[in-house]
Amino acid sequence: MTAGITPAGEGEGGVAWNILGQTYKPLQHSAASFAFHTYFPDGTFVPPHVHREQDEFIYILDGRFELMLDGQTQQAGKGDLIRMPMGQPHGIFNKSGSPVTALFWVAPSHGLYELFSRIHNLGDPAEVVRIAAEYAVDFLPPPG
């Protein structure tokens with residue numbers, strides 16, 4: 001990691017990823033942690049999954065998420081911090097009728113930056129799930 005400033009509205013190095021209709025912009029990346037700004041249009045989501053090697057956090061800048069945290073449905077809105085310990089299943093859903101913007105970060109970073117680079121503009125969710133498993137992110141099968 002180098003010292004510096006990532007300008008508002010930009011991703012570090014001008015990077016912005018489209019991941020299944022959501023926009024992710026990396027703000028900081030080191031071995032210890034990885035932070036990224038996200039934009040979730042209404043109706044988009046990240047299905048329930050587990051990070052085997054990372055703790056994950058979300059600070060909501062604007063909007064409201066519905067979450068599946070360790071098997072329970074919860075709501076979080078602007079100013080709330082969501083904590084998702086490694087190994088604990090979680091899913092993130094925007095069912096609010098409006099976009100959600102948030103700051104996400106993981107610690108340690110492991111290969112999450114590389115995963116996002118690989119799945120950028122990939123339209124096949126099954127392929128996203130397959131690739132994610134290579135980076136210790138395991139999506140759970142649909143219920144039923």
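Student: How many residues of the lining of the largest pocket are nonpolar, polar or charged?

Tutor: The lining has 19 nonpolar, 3 polar and 1 charged. Ala, Val, Leu, Ile, Met, Phe, Trp, Tyr, Cys and Pro count as nonpolar; Asp, Glu, Lys and Arg as charged; the others, Gly among them, as polar. This is a predicted model: local features need pLDDT of at least 70, side-chain atom pairs count only at pLDDT 80 or more, and totals for chains, interfaces and linings use all residues. Residues are numbered from 1 along each chain as its sequence is written, and side-chain values use heavy atoms, without hydrogens and water.

Student: Which residues lie nearest the centre of the largest pocket?

Tutor: Ile19, Tyr24, Val46, Val128 and Phe139, out of 23 lining residues. A pocket is an open set of points on a 1 Å grid over the protein atoms alone, where a 1.4 Å probe fits, with protein on both sides within 12 Å along at least five of seven lines; lining residues have an atom within 4 Å of a point.

Student: Which element gives the largest share of that lining?

Tutor: Strand β4, with 5 residues. At least two each come from β2 (22-29), β4 (45-51), α1 (112-119), α2 (125-133) and β11. Helices (H or I, at least four residues) and strands (E, at least two) are DSSP runs, numbered from the N terminus.

Student: New topic. In what order do the strands of the open sheet run?

Tutor: The order is β7-β6-β9-β4-β11, 5 strands with antiparallel pairing. Pairing takes at least two DSSP bridges.

Student: Which strands are at the edges?

Tutor: β7 (72-77) and β11 (137-139), each pairing on one side only.

Student: How many bridges link β6 and β7?

Tutor: There are 6, with β6 covering residues 64-69. In one of them, Arg64 has Gly77 of β7 as its partner.
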